[in-house]
Amino acid sequence: MTVQDWGGGMGLDYSYEIFMPPWNVARALTRLAELAPQGRETPPLPVTLPGGEQLIVPFTSKFKSEPVDCSAGGSLELDTSIVVGADDAVHEFLRDSDRVDEQGRVPVGYIYLTVRFSPAWHPNFASLQFTAATSSMSRMFVQSASVRKVFTDLTATTGGVCCLLDTETDIFDICWLNGETFSGETVPGTRFSRFQDLVAAWCEPAE
């Protein structure tokens, strides 16, 4: 079982997936835009979300900058680049430490983001799936504590309920759940034998 069957090429496509009530997606995308590296030459991308809310994000969608209209729902695809703390695993991945900023962070990209506004398997929650572009980036997703922290912090600060790390096996690593950081807990695992049990445990935050 996988939450979402990616298919695709032969490389590793590991991903962090954040789940949140749909009304928090705009907040998450706004926060994500704040994590984008400064000084990039990417034209601003207008995005219309379900319900008509409009945002401008410093990313591309399928490597284009034309306005994206998701007002009817469905999904949104973005090619993102974000800054992360440069720990050993990040340095190993980049092999290029002259890009470290004054806060000890480096840009990592592309990270492919798919936002599903009302997935069939839990229609009350939107899903933000951040997928590594390469096998080496996939390995960094697993090994880097600072990358994991970026995604757990994003979950925590934008009203998410759960963050999972998907390493393309039948077992998902729970990173964050209902306000708590997790380590060493999986689904299936001792607490949750099925993905449905995990979904049932999600505490929906108040609007």
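Good morning. I begin with Lys-149, which counts as partly exposed at 47% relative accessibility. The model under discussion is a predicted one.

Lys-149 forms a salt bridge with Asp-153, and the closest N and O atoms of the pair are 2.7 Å apart. Asp-153 is itself partly exposed, its relative accessible area being 33%. Why are these two residues separated by about one helical turn? Asp-153 and Lys-149 are 4 residues apart in helix H4, and therefore about one helical turn lies between them.

Arg-148 and Asp-173 meet through their side chains at 2.9 Å, N to O.

Let me turn to helix H1. There, the side chains of Arg-31 and Glu-34 meet in a salt bridge at 3.0 Å, N to O. The two are 3 residues apart in helix H1 (residues 25-34), so they are separated by about one helical turn. Arg-31 is partly exposed, with a relative accessible area of 31%. The count of salt bridges by this rule comes to 6.

I now move to the nonpolar interior. In soluble globular proteins, nonpolar side chains tend to be buried together. Here, the largest nonpolar core has 45 residues, and those with the most contacts inside it are Leu-29, Leu-76, Leu-128, Phe-130, Phe-141 and Phe-151. A second, separate core holds 15 residues, including Phe-19, Val-161, Phe-172 and Phe-195.

Which residues does Leu-29 touch, leaving aside those up to four places away in sequence? They are Leu-49, Leu-55, Val-57, Leu-76, Leu-78, Leu-113 and Val-115.

Two of those partners, Leu-55 and Val-57, bring us to strand S3.

Strand S3 runs antiparallel to strand S2 (residues 45-48), and 4 bridges join the two. Leu-55 is the bridge partner, in S3, of Val-47. The strands S2 and S3 form a hairpin with 5 residues between them, and Gly-51 in the turn has a positive phi of about 95°.

Thank you for your attention.

Technical notes
Residues are numbered from 1 along each chain as its sequence is written. This is a predicted model: local features need pLDDT of at least 70, side-chain atom pairs count only at pLDDT 80 or more; totals for chains, interfaces and linings use all residues. Side-chain values use heavy atoms; hydrogens and water are left out. A nonpolar core is a set of buried Ala, Val, Leu, Ile, Met, Phe, Trp, Tyr and Cys residues joined through side-chain atoms within 4.5 Å. Buried means under 20% relative accessible area, exposed over 50%, partly exposed in between (1.4 Å probe, protein chains only). Contact means heavy atoms within 4.5 Å. A salt bridge is a side-chain nitrogen of Lys or Arg within 4 Å of a carboxyl oxygen of Asp or Glu. Two strands pair if DSSP finds at least two bridges between them.
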